[in-house]
Amino acid sequence: RFTYNALILALVRGGREKEARRVMEQEMLGTFPPEAFTYNAVIQGFCDKGDLTTGFKLLEDMKSKGVQTNATTHGVILKALCQKGDADKALAYVKSIDSSSEMDVVSYSTLIKLLFKARRVTQACNLFDEMVKLGCKPNAVTYATVVDGLCKAGRVDRGLKAFEQMLDSGCVPNPHCYTVMIDGLCKARKLEKAIELFEKMAKQDCSPDAVTYTTLVDGFCKAGRLGEARKLVNLMIQKGKDPTVVTYGCLIDGFCKKCRVDEALPMVKEMESRGLKPNVFVYGSLINGFRLAGRMDEACNMLTEMNSRGLRPNAFIYTTIVDGLSTVGRMAESQAYFEAMVNNGCVPDAVTYGTIINQFCKHGNMEAAWSVLNMMLKSGMKPEALVYNSLMDGFYRLGKVDRAEQVYKTMAKQGCKPT
RNA sequence: AGCCGAAGCAAGACUUUA
């Protein structure tokens, strides 16, 4: 029986869930009574592939065979629903659970994460309170989830409270817990507090890992404190925490944003010498760096280089190039890159079209801008307020107040709030 | 009873008077 379970698990992990199911249904069930462990593994296999239909079907099979679902079953199902972002279904599922197989700390944490993801912050917090009330003790993962959820919802203050609550509860924090808090503080522009926490970590016998370092490196970079960012990367090397591609990505982006792309380039060499290959993010930063410096030939060369290295440029990359070329007045080339984008099967997104609209506006080509907006709306895209702002500004500058008003009305109709 | 489920980090468009 253990052998079968081990085999099934191995198949699931290898992405061969169909075989796993066959082994379970046709070989194992003839010899051994069905058990939750096996079903959980197979259900997970299908859910990981996005096939929730089969997942739920197996769940029904399981129940009809009299196999008791357990907390892990719920965890697997909730994880799947979490990835789909289907909070309502998840809540309905939890309601349908009978009391003999309760939720545990993992399934609760999964559901809390899902609710935060669906921006249902109040519900997430209520669920957290509920689990405590029911005697299910939150662990470090639960707290990390809650702190992260609160911070990403713009409630760092409450994130900090939850973090303190974690310490008070006697829960031993791990680097994950600190990292989400540090990240939240950095993004809320409370860098000093983030540094403080980072320094406290080491003292607490919880040394920062590569992600924690990277988070703070990014914090320094976003605050324009590049010297400190660089020093921190040196420190992590010294401490034996190897920087990752993301670490270098943050550092390189920081320099690029400050128009110091020439200092960023040696860092690419440095990362390569450490065995790290620049990825699409790194190229994105570099291309943006050249764009900000008005050096579009070099930006385009970088795109060629990434192609030759087998990296596929995405909408970010193309949008940066399209924008940069337009800004320096190279309209025909800009358009050519937009066409190349489409021809290469890269789908322009709302930012791409927003960029194009903005560029038309800047160049006084308002009718073109207006028609792109309508195209966006027709295809169901939701332009951000800044796109409407750009259009209104463009019409105003040409003295076409009525057209600007028309834009404003469209904006209101789309439910887009003015900024 | 054999370790089946949960958490963290980076790139693109508006607004600048120098």
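Predicted model: local features only at pLDDT ≥ 70, side-chain atom pairs only at ≥ 80, totals over all residues.

Trainee: What percentage of the residues of chain A count as buried?
Mentor: A residue counts as buried when its relative accessible area is under 20%. Chain A has 419 residues, and the share that counts as buried is 48%.

Trainee: Among contacts in chain A between residues at least 6 apart in sequence, what percentage join residues at least 24 apart?
Mentor: Contact here means heavy atoms within 4.5 Å. Of the contacts in chain A between residues at least 6 apart in sequence, the share joining residues at least 24 apart is 56%.

Trainee: Are helices α7 and α9 roughly parallel or roughly antiparallel to each other?
Mentor: Helix α7 covers residues 105–117 and helix α9 covers residues 140–152, with axes 9 Å apart at an angle of about 5 degrees. Angles under 35 degrees count as roughly parallel. Therefore α7 and α9 are roughly parallel.

Trainee: How do the residues of the contact of α7 with α9 divide into nonpolar, polar and charged?
Mentor: On the α7 side the contact of α7 with α9 is made by V105, S109, I112, K113 and F116, and on the α9 side by T142, T145, V146, G149 and L150. By class, the residues of this contact of α7 with α9 are five nonpolar, four polar and one charged.

Trainee: Is α15 roughly parallel or roughly perpendicular to α17?
Mentor: The axes of helix α15 (residues 245–257) and helix α17 (residues 280–292) come within 9 Å and cross at roughly 5 degrees. An angle under 35 degrees is the criterion that applies, so α15 is, relative to α17, roughly parallel.

Trainee: Which residues of α17 make the contact with α15?
Mentor: The contact of α15 with α17 has six nonpolar, four polar and two charged residues. From α15 come V245, G249, I252, D253, C256 and K257, and from α17 come V282, S285, L286, N288, G289 and L292.

Trainee: Is L111 buried or exposed?
Mentor: L111 is placed in helix α7. Beyond its neighbours within four places in sequence, L111 is in contact with L78, A90, L91, V94, M103 and L127. The relative accessible area of L111 is 1%, so L111 is buried.

Trainee: What distance separates the C-alpha atoms of L111 and K79?
Mentor: L111 and K79 are 32 residues apart along the chain.

Trainee: Which residues does D61 touch, not counting residues up to four places away in sequence?
Mentor: D61 sits in helix α4, residues 52–64. D61 counts as buried, at 18% relative accessibility. With residues up to four places away set aside, D61 touches R21, E25 and Y39.

Trainee: How far apart in space are E17 and V141, C-alpha to C-alpha?
Mentor: E17 lies in helix α2, residues 17–31, and counts as buried at 6% relative accessibility. Leaving aside neighbours within four places in sequence, E17 is in contact with L11, G45, F46 and K49. E17 and V141 are 124 residues apart in sequence, and the C-alpha to C-alpha distance is 28 Å.

Trainee: How far is a phosphate oxygen of RNA strand B from an N or O atom in the side chain of R291?
Mentor: A polar contact requires a pair of N or O atoms within 3.5 Å. For the side chain of R291 and a phosphate oxygen of RNA strand B, the distance is 2.7 Å.

Trainee: Which residue has a polar side-chain atom 2.8 Å from a base nitrogen of RNA strand B?
Mentor: The side chain of N358 has an N or O atom 3.0 Å from a sugar or linking oxygen of RNA strand B. The polar side-chain atom that lies 2.8 Å from a base nitrogen belongs to N314.

Trainee: How many nonpolar, polar and charged residues does the surface near RNA strand B have?
Mentor: RNA strand B is surrounded by 66 residues, the closest being F2, N40, F316, T319 and N358. Of the RNA strand B atoms within 4 Å of the protein, 40% belong to sugar or phosphate and the rest to bases. By class, the surface near RNA strand B has 20 nonpolar, 27 polar and 19 charged residues.

Definitions and conventions: Residues numbered from 1 in each chain as written. Chains lettered and ligands numbered in written order. Heavy atoms only, no water. Near = heavy atom within 4 Å. Polar contact = N/O pair within 3.5 Å; in protein donor to acceptor, adjacent residues only side chain to side chain. Nonpolar A, V, L, I, M, F, W, Y, C, P; charged D, E, K, R; others polar. Axes fitted to C-alpha atoms, helices over the stretch in contact; angles between N-to-C directions. Helix = DSSP H or I, 4+ residues; strand = E, 2+ residues; numbered from the N terminus. Parallel < 35°, antiparallel > 145°, perpendicular 65-115°, else oblique. Buried < 20%, exposed > 50% of the residue type's maximum accessible area, 1.4 Å probe, protein only.
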